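Colleague: I'd like to learn how to read a pair of packed helices. Could you walk me through it on a real case?

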Amino acid sequence: MNSIVPFFNDIPSWQRTLILAAGFVLMWMLESAIPLLRTGINKPKHTGINLFFTGTTLIVNFLFAAVLVMASDFTTRNHFGILYLADLPLWAHAVFGLLLLDFIGAFVIHVLAHKVKWMWKFHAVHHSEPHVNTTSALRHHPGESVFRAVFTTLAILIAGTPVWMVMIYQSASALFSQFNHANIHLPKWLDSMIAIIFVSPGMHKVHHHYLMPVTDTNYGNIFSVWDRLFQTFVSMKTSDIHYGLDIYPKAEEHSRLTRLIRMPFEKYRAPVGSKFGKPEMK
Ligand SMILES: [Zn+2]
């Protein structure tokens, strides 16, 4: 633990990008070794769209990196934030800090992205995904990447997290997102065991079911404790899950880059249930 702190305190951005790339490669390998679904997916087109949004997310995160470090330095200099209320041993300080960052920086903003209409129109780009796999992890409209980064900054200020903890959190957050979106089949007992503490692939896939009331469950990113606490934890058989959104059933709407970029600026669409059938899987 004592050697992890200085490593993450000074981690250069190329090493953080390497962690992200290694996660992608590992998940891609697992997806071909133990796939959950084999669909007639147009891989280059699908991956192209998701890599475009991954790129815009990385650009926004890169632009916000200095803001996050400034917020973190401010809390360290002024002993500001919840973590300064108690003198915890290093390991407990780290776990508590990661829990707070995950709660404010991921869970709370995710719930808001589902409940606040203008935010939802941005987040719908992520949910319109008809083939959830590890490349879906950062399929976020740049507008969503901005409001997520603002909440990460708020989380740092409220929690009072030092730079090394922010860096560990950012890497863990991206790796967990790649893991819980990955198109991998884990034995039920293993998935359930992971879901006791962490967000498992089986748990997160429920959040991507096309019927909108079901999308309002399993909001977690790293820890499953928040969904259990706020009673939004739901289990569902993977074979009953159909990805996408009931409001965007047509492939031309959910699988075309120009449409996805415009999606948040179109009129709000209320949930329609199964009225239009399941979203096309092209
Ligand atoms: Zn969501």
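Colleague: How many helices and strands does the chain have?

Modeller: The chain has 13 helices and zero strands, where helices (H or I, at least four residues) and strands (E, at least two) are DSSP runs numbered from the N terminus. Keep in mind that this is a predicted model: local features need pLDDT of at least 70, side-chain atom pairs count only at pLDDT 80 or more, and totals for chains, interfaces and linings use all residues. Residues are numbered from 1 along each chain as its sequence is written.

Colleague: So how do I describe two helices that pack?

Modeller: Two packed helices are described by the angle between their axes and the distance between the axes. Here, the axes of α4 (residues 90-115) and α7 (residues 163-181) come within 10 Å and cross at roughly 60 degrees. Axes are lines fitted to C-alpha atoms, for helices over the stretch in contact, with angles from 0 to 180 degrees between N-to-C directions.

Colleague: What do you call the orientation of α4 and α7 to each other?

Modeller: Oblique. Under 35 degrees counts as roughly parallel, over 145 as roughly antiparallel, 65 to 115 as roughly perpendicular, and the rest as oblique.

Colleague: Which residues meet there?

Modeller: From α4, A94, G97, L98, L101 and A106; from α7, M165, Y169, A172 and S173. Contact means C-beta atoms, placed from the backbone, within 7 Å.

Colleague: And what about contacts across the chain?

Modeller: Among contacts between residues at least 6 apart in sequence, 77% join residues at least 24 apart. The C-alpha atoms fill a box of roughly 55 × 40 × 35 Å along the principal axes.

Terms used
Two residues are in contact if their C-beta atoms, placed from the backbone, lie within 7 Å.
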